[in-house]
Amino acid sequence: MMERFRTRKALLALTAASGLLLTACGGSADTGESSKAADRHDRSAGRPAPAQSQYADERDDRREDPDHLSTFALDVDTASYDYARRALADGRLPDPSTIRPEEFVNSFRQDYERPDGDGFSVTVDGARTGEEDWSLIRVGLATRTAERTGERPPAALTFVIDVSGSMAEPGRLDLAQESLAVMTDRLRDDDSVALVTFSDEAETVMPMTRLDGHRDEIQDAISDLDTQDSTNLAAGVETGYETAVEGLREGATNRVVLVSDALANTGDTDAESILERISGERREHGITLFGVGVGSDYGDALMEKLADRGDGHTVYVSDSEEARTVFSEQLPRNVDLTARDAKAQVAFDPETVEEFRLVGYDNRRVADGDFRDDRVDGGEVGPGHTVTALYAVRTKPGAEGHLATATVRWLDPGTRDPHEETGDLETDALRDSLRAAPSRFQVTAVAAYFADALRSRDDNHHRIPGAPAGFAELAEQARALSDITEDGAVRELARAIEQADQRRD
């Protein structure tokens, strides 16, 4: 689950880079720093990004140590956290295999500084824990706010709706219909939608259709959806992409939106095989996949793999309020994308860091040497998003000075030009304790500790240093933070931890 890094005796070069995920349908405003990053890419392709630090003059005398690099594609998924909350509300502990800590962490609002234009800001901060020499370090990446996007490109959305028999359960197809109806009212006249359904076979119910003058027709098609037989998810995805390509709009954001419980039981049920069948359309036309999971029984692993390999992300909804938020607020607001194939690389200073562990991102790891290989998939993120990576870091006794450099790399969605942004952290910037850290940092830590506690029932996973003694103490911390932040999402986190405490084995 986590990476451990050995210290070598020789002096080692500091390098850094953290590349991000995202693509947009408009041009990215280039900064001086990103221009320099592009120049560095030309000179040093295939090598870790050089550190922006006082060690620059020594760089030629040091050998780069890959054991002090951590590279991964960033992820804005939140489905794991929302599905865990659903399981706890239903009176059961979630299966440890469905717990992805990064999706818990990324479910909460952050207060990172936003960039002036397209691209990312990089925030690196940290706090010491109660365990000797162990600290938590947070790498935060933020895109411009959604309110500053101006006139976004039109959206061309292909909805692929699961109408199999399992979707008849309340809170599945009925929830999807209600949500799509609300979203149709929120989209602009120059947006367009297509509708594909699947059970044992797939059918294009409506080809790509402009909303202007056709809203009633689209609403009627949504209300007429009814459940049928088995779940041939592969046929649905394949037909969905074919329909999206047929209705492809140049200059628009073209996206497939898959709404399903992902309980595939007919046809191809392997995510890799399904995606291979539509890989040409996905890569050639840049069509991204947005997965919306529903249902108390939910194929979490399959949906998550589809979204990761389909250059998209997933959410999970269990009630009308959550569905309205996703369909009528998040999706319409974020059909514009900011960056594509974003990756992150963090370089830890071998002179001050003994070892480190990345919390989560288990299936988003990228080979260190592929950080600047733009053929390697990263992630996609839109405006208004933040992405957080949390590390447990053990420093050398008495160590002082530079700790880490984080770099995010992404491609401009229009030109495919690469850009990078970098942030650093020194030992003297570490807070003395978690309680002395900013409240949003503490929320990040509590979310990570909660995920770790739910997953630690599996002996293959390790506890994060500084974790509270149990759910009860963690819930108390969450309740205190909900009072400080006055954030309803943090109150829900406290409630979920209390439910876990009541239902633990």
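Me: Where is the place of alanine 262?
Reply: In this predicted model, alanine 262 sits in the loop between β9 (253–260) and α7 (271–277).

Me: Why is alanine 262 called buried?
Reply: Happy to show you. Buried means under 20% relative accessible area, and alanine 262 has 4%, so the residue counts as buried.

Me: What makes the phi of alanine 262 worth a look?
Reply: Most residues other than glycine have a negative phi. Alanine 262 is not a glycine, yet its phi is positive, about 55°.

Me: How do you know that tyrosine 361 is buried, and where is it found?
Reply: Its relative accessible area is 0%, and the cut-off for buried is under 20%, so tyrosine 361 is buried. Tyrosine 361 lies in the loop between β13 (353–358) and β14 (379–381). Tyrosine 361 also has a positive phi, of about 60°.

Me: What makes β15 (residues 386–395) largely enclosed?
Reply: Nine of its ten residues are buried, so the rest of the structure largely encloses the strand.

Me: How do you know that β5 and β15 pair?
Reply: Pairing takes at least two bridges, and nine join β5 (residues 134–142) to β15, running antiparallel. In one of them, isoleucine 137 has tyrosine 391 as its partner. β13 also pairs with β15 in the antiparallel sense, over five bridges; there, phenylalanine 356 partners valine 393.

Me: Why do the buried residues of α5 line one face of the helix?
Reply: In α5 (residues 215–223) the buried residues are Ile218, Gln219, Ala221 and Ile222. Seen down the axis, they fall within an arc of 160°, so they line one face. They pack against α4 (173–186), β7 (192–198) and β8 (202–210).

How values were computed: Residues numbered from 1 in each chain as written. Predicted model: local features only at pLDDT ≥ 70, side-chain atom pairs only at ≥ 80, totals over all residues. Heavy atoms only, no water. Buried < 20%, exposed > 50% of the residue type's maximum accessible area, 1.4 Å probe, protein only. Helix = DSSP H or I, 4+ residues; strand = E, 2+ residues; numbered from the N terminus. Arc of directions from axis to C-beta. Contact = heavy atoms within 4.5 Å.
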